[in-house]
Amino acid sequence: MKKVSNKKLAFLFQGVGANYQDFLDKFDESQLDTLKQYCFTVNKEIGIDLFTYLFHSQAMEQMEYDKMFYDWITIYTCDYIVYQQYVDSGICPAVMVGYSMGLITAMACGKSISLVAGLARCFV
């Protein structure tokens, strides 16, 4: 941690393209609990059942939106959780950069907009 603390760090937030379902087995129990809480918030705020999409996507035969839209919400939510994990561990960026959906994620992580406001931006 000492080596990291003396350097300026940049956090890069990606656009659509990553498949978080392939990485969920790497989340620890605390991160999974956090993910469930955020999935509840997503469902409450924009009516998207992100938890079912992430863990039971084959059961989502009648998805209201296309897969790319669900992927946007997934990337936004999971990147937000991972970022918070870094910050909680004392690793904070000097710079945040985003591409596409990552711009909204960077803004939410940087507290220039709220998590909920970022979700609303996904519909624009």
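Student: Which element gives the most to the lining of the largest pocket?

Tutor: Happy to start there! This is a predicted model, so local features need pLDDT of at least 70 and side-chain atom pairs count only at pLDDT 80 or more, while totals for chains, interfaces and linings use all residues. Residues are numbered from 1 along each chain as its sequence is written, and side-chain values use heavy atoms, with hydrogens and water left out. Two elements give two or more residues to the lining of the largest pocket, strand S1 (10-13) and helix H4 (67-88), and the one that gives the most, with four residues, is H4.

Student: What is the volume of the largest pocket?

Tutor: On a 1 Å grid over the protein atoms alone, a pocket is an open set of points where a 1.4 Å probe fits, with protein on both sides within 12 Å along at least five of seven lines; lining residues have an atom within 4 Å of a point. Grid points are joined across faces, edges and corners, and the volume is the space filled by probe spheres set on the points. For the largest pocket this comes to about 180 Å³.

Student: Is Leu12 buried or exposed?

Tutor: Leu12 sits in strand S1, and it also belongs to the pocket lining. Buried means under 20% relative accessible area, exposed over 50%, and partly exposed in between (1.4 Å probe, protein chains only). Because its relative accessibility is 69%, Leu12 counts as exposed.

Student: And Ala106, buried or exposed?

Tutor: Ala106 lies in helix H5 (residues 101-109). Because its relative accessible area is 11%, Ala106 is buried.

Student: What distance separates the C-alpha atoms of Lys67 and Tyr53?

Tutor: Lys67 is in helix H4 and is partly exposed, at 44% relative accessible area. Lys67 and Tyr53 are 14 residues apart along the chain, and their C-alpha atoms are separated by 9.3 Å.
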